[in-house]
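I opened my notebook to look up how this chain is folded. I went from strands to sheet, then to the core, then to single residues.

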Amino acid sequence: MFFRSILKQLVGHRGRQLVRHYRVQRFPITKHYRKRLRGMTALEIGGPSNLLGYLGQFPIYSSLKSVDNCNYAEQTLWHSDAVKFCRNLVCEGTKLPVSDETYDCVIASHCLEHIANPIKALMEWRRVIRQRGLLLLILPNPEYTFDWRRPITTVEHLREDFRNDTPEADLSHLEEILALHDLSRDLAAGTSEQFKERCLRNAEFRAIHHHVFAPETAAQLMGEVGFSVVRQDVHDVNIFTLGSKS
Ligand SMILES: [Zn+2]
């Protein structure tokens, strides 16, 4: 009993140290988002996201009342059991088997760039958010990623993808990606041959960044699909945009 209590104290101390270590790494903006999202029911598209977990730099999961998750397949490249969702939906992010206005908020972290038809996805996400509910969009800041050599996608191009009902199997950006993707910043992608092979099988892996976003594009897209931007922050590799359904 005595030894158990000593052990507990030791583990507790180490645990507290770890938490403290990670806590200081938190993005200072987190508190503003936690405050906005507190007590909300959420649907995450393409989770789980380490960034949003307890040990992540932007830990917002714990401020929510509940979180469901949606992925295109049971197994994904980003699969993790670290987060337990209330419900796991297996479907395309552009076609959710969910009634209108079901959730207080939708969260998509490093996800929209993997979707071939972003406006279609955003409109679908808007549909399942209640009036004055929130959309939290976290996009990769291209300056800090392997996309840094690629041009920012124009909103006009995204409108065209919407008008053409571009499917998720789309590979029309492949040539640009193979030419400009900086493999030295993407070690997980392997050699250029392995990377090309993975891109060609994108319907299976969904690893391609179809489009490249700037903060202005994210804000413009929010307006385009009926959200007013509540706040936007750019932090290292992340562009955070929070919109309210108007
Ligand atoms: Zn496109």
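I began with a rule: two strands pair if DSSP finds at least two bridges between them. Helices (H or I, at least four residues) and strands (E, at least two) are DSSP runs, numbered from the N terminus. I noted that the model is predicted: local features need pLDDT of at least 70, side-chain atom pairs count only at pLDDT 80 or more, and totals for chains, interfaces and linings use all residues. Residues are numbered from 1 along each chain as its sequence is written.

**Entry 1: the sheet**

I looked up asparagine 71 and found valine 90 in β3 as its bridge partner. β2 and β3 pair in the parallel sense, over three bridges. Then I traced the whole sheet. It is open, has seven strands in the order β3-β2-β1-β4-β5-β7-β6, and its pairing is mixed. Which strands stand at the edges? They are β3 (88-90) and β6 (227-235); each has a single partner strand, so one side of each lacks a neighbour in the sheet. Neighbouring strands are turned by 15° against each other on average, direction ignored. For angles, axes are lines fitted to C-alpha atoms, for helices over the stretch in contact, and values run from 0 to 180 degrees between N-to-C directions.

I also checked contacts: two residues are in contact if their C-beta atoms, placed from the backbone, lie within 7 Å. α2 packs on the sheet and touches β4, β5, β6 and β7. The direction of α2 makes about 155° with that of β5. α8 lies across β5, β6 and β7 and runs at about 165° to β6.

**Entry 2: around β4**

I next looked at burial. A residue is buried if 20 or more other C-beta atoms lie within 10 Å of its own, exposed if 12 or fewer, and partly exposed in between; the C-beta atoms are placed from the backbone. In β4, six of the seven residues are buried. β4 pairs with β1 in the parallel sense over four bridges. In that region, leucine 43 stands opposite valine 106 in β4. β4 also pairs with β5 in the parallel sense, over six bridges. There, cysteine 105 has leucine 134 in β5 as its bridge partner.

**Entry 3: the core**

I searched for a nonpolar core, a set of buried Ala, Val, Leu, Ile, Met, Phe, Trp, Tyr and Cys residues joined through C-beta atoms within 7 Å. The largest one has 44 residues. Those with the most contacts inside it are Ala42, Cys105, Val106, Leu135, Leu136 and Leu137. Elements that give two or more residues to this core include β1 (41-45), β4 (103-109) and α8. The largest share, seven residues, comes from β5. In soluble globular proteins, nonpolar side chains tend to be buried together.

**Entry 4: two residues compared**

Is leucine 221 buried or exposed? Leucine 221 is buried, because 23 other C-beta atoms lie within 10 Å. Leucine 221 lies in helix α8 (residues 215-224). Leaving out residues up to four places away in sequence, leucine 221 touches Pro118, Leu122, Val155 and Leu158. Leucine 221 and proline 118 are 103 residues apart in sequence, yet 9.0 Å apart in space, C-alpha to C-alpha.

Arginine 26 lies in the loop between α1 (2-23) and α2. Arginine 26 is partly exposed, because 14 other C-beta atoms lie within 10 Å. Arginine 26 touches Gln57 and Pro59, not counting residues up to four places away in sequence.

Most residues other than glycine have a negative phi, and most peptide bonds are trans. I looked for exceptions. The peptide bond from glycine 47 to proline 48 is cis, with omega near -5°. Proline 48 is in the loop between β1 and β2. Aspartate 165 has a positive phi of about 50°. Aspartate 165 sits in the loop between α4 (155-163) and α5 (174-180). Aspartate 165 counts as exposed, because it has 9 C-beta neighbours inside 10 Å. Aspartate 236, in the loop between β6 and β7, has a positive phi near 45°.
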